[in-house]
Amino acid sequence: MCILPHYSNIINDIYYLRVSDSLLLNIDRVNLESYDKLAFEYDSLSHVTTRLLEIASKDGFDQFLNIYRNNLTDTVLEVGTGTGFLTSELVKVFNVTSIDISNKMLLIADSKINSSTIRPNKVIFKNISILSPPINFLCNKFNLITCGLADPYFIRKSILNIFKLLSDDGILFFTLPEVKWAKKERILRLKVPFHTTRFKLENGESINPFSFVYTEDEIYKLLNECNFRLLHVFTILANYHDLLKSKTLFKNIPKIICVIAQKK
Ligand SMILES: C[S@@+](CC[C@H](N)C(=O)[O-])C[C@H]1O[C@@H](n2cnc3c(N)ncnc32)[C@H](O)[C@@H]1O
């Protein structure tokens with residue numbers, strides 16, 4: 001895998017993340033390869049950390065919806081569909097357009113949502129990267145943009161594209177792994193560079209997609225640079241007892257940060 005140059009010197013320097021086009025392509029290439037390989041086992045309980053982050057992310061989304069439901073209309077964009085964990089919540093309430101760089105992830109999300117017994121609202125899946133969407137897609141305007149576990153692609157260029165796609169009174173909701181939790185996880189347990197993570201596949205292969213995480217201060221700066229203002233930031237610790245139903249000890253319980261923002 002090709003990582004950022006002089007990695008150790010620029011760890012967590014959000015300004016460096018104004019990366020060149022070739023580096024953007026590289027981020028997309030690494031992530032596409034990784035998530036394509038991961039797709040068929042992404043939902044497996046063996047990826048327990050992902051399950052826990054997902055649970056925390058959904059709790060955050062529920063809290064967000066409780067507060068903002070009345071401000072939202074029906075034009076919703078979901079970025080980074082994955083296998084549709086958050087999509088299935090979104091379609092209970094809204095019509096949704098959902099984009100992901102990995103067609104393999106989208107196919108699984110599509111089959112899950114369409115086999116659901118609850119008749120969902122309309123959902124359109126599109127194989128698009130938020131780092132380089134086609135120009136005609138950028139003509140759309142959405143009233144809500146959600147990015148659940150947005151860490152593979154959440155850099156300045158994506159936020160600028162999200163800005164273009166959001167209506168003037170629209171709301172951006174995103175979740176990321178919480179930075180202190182991620183630091184501990186990556187340095188002590190996974191032993192991978194800070195802005196990446198690691199999945200061990202069932203065939204023994206390891207994959208290392210990008211996973212950008214930030215302090216609250218950096219999130220504020222990054223959004224501010226892209227003409228967003230923060231409305232709300234909160235963190236959620238994963239409720240792991242629900243998932244494991246056992247006394248398995250989690251030394252570093254997964255935690256996420258939820259952010260709600262609007263255009264300035
Ligand atoms: C960690 S998963 C999160 C899935 C889902 N949103 C959830 O909350 O469970 C991240 C997803 O983002 C997708 N992704 C990575 N880079 C992307 C990009 N540039 N544009 C759109 N999706 C991207 C990956 O393929 C993957 O499905």
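Predicted model: local features only at pLDDT ≥ 70, side-chain atom pairs only at ≥ 80, totals over all residues.

**A look at the sheet and the ligand**

**Strands and sheet**

- The strands β1 (residues 75-79) and β4 (residues 142-147) run parallel, and three bridges join them.
- Zooming out, there's an open sheet made of seven strands, and reading across it you get β3-β2-β1-β4-β5-β9-β8.
- The pairing in this sheet is mixed; in general, strands of a sheet pair through backbone hydrogen bonds, either parallel or antiparallel.
- At the edges you'll find β3 (123-126) and β8 (228-237), each of which pairs on one side only.
- Going from one strand to the next, the twist averages 15 degrees.

**A helix on the sheet**

- Helix α8 (residues 216-225) packs on the sheet, where it touches β8 and β9 (255-263).
- The direction of α8 makes about 150 degrees with that of β8.

**Around the ligand**

- There are 22 residues around the ligand, and the ones that come nearest are Tyr35, Gly80, Gly82, Ser102 and Gly148.
- Which element gives the most to the shell around the ligand? That's α2, with three residues.
- By type, the shell residues split into 12 nonpolar, seven polar and three charged.

Methods: Residues numbered from 1 in each chain as written. Pairing = 2+ DSSP bridges. Helix = DSSP H or I, 4+ residues; strand = E, 2+ residues; numbered from the N terminus. Axes fitted to C-alpha atoms, helices over the stretch in contact; angles between N-to-C directions. Contact = placed C-beta atoms within 7 Å. Near = placed C-beta within 6 Å. Nonpolar A, V, L, I, M, F, W, Y, C, P; charged D, E, K, R; others polar.
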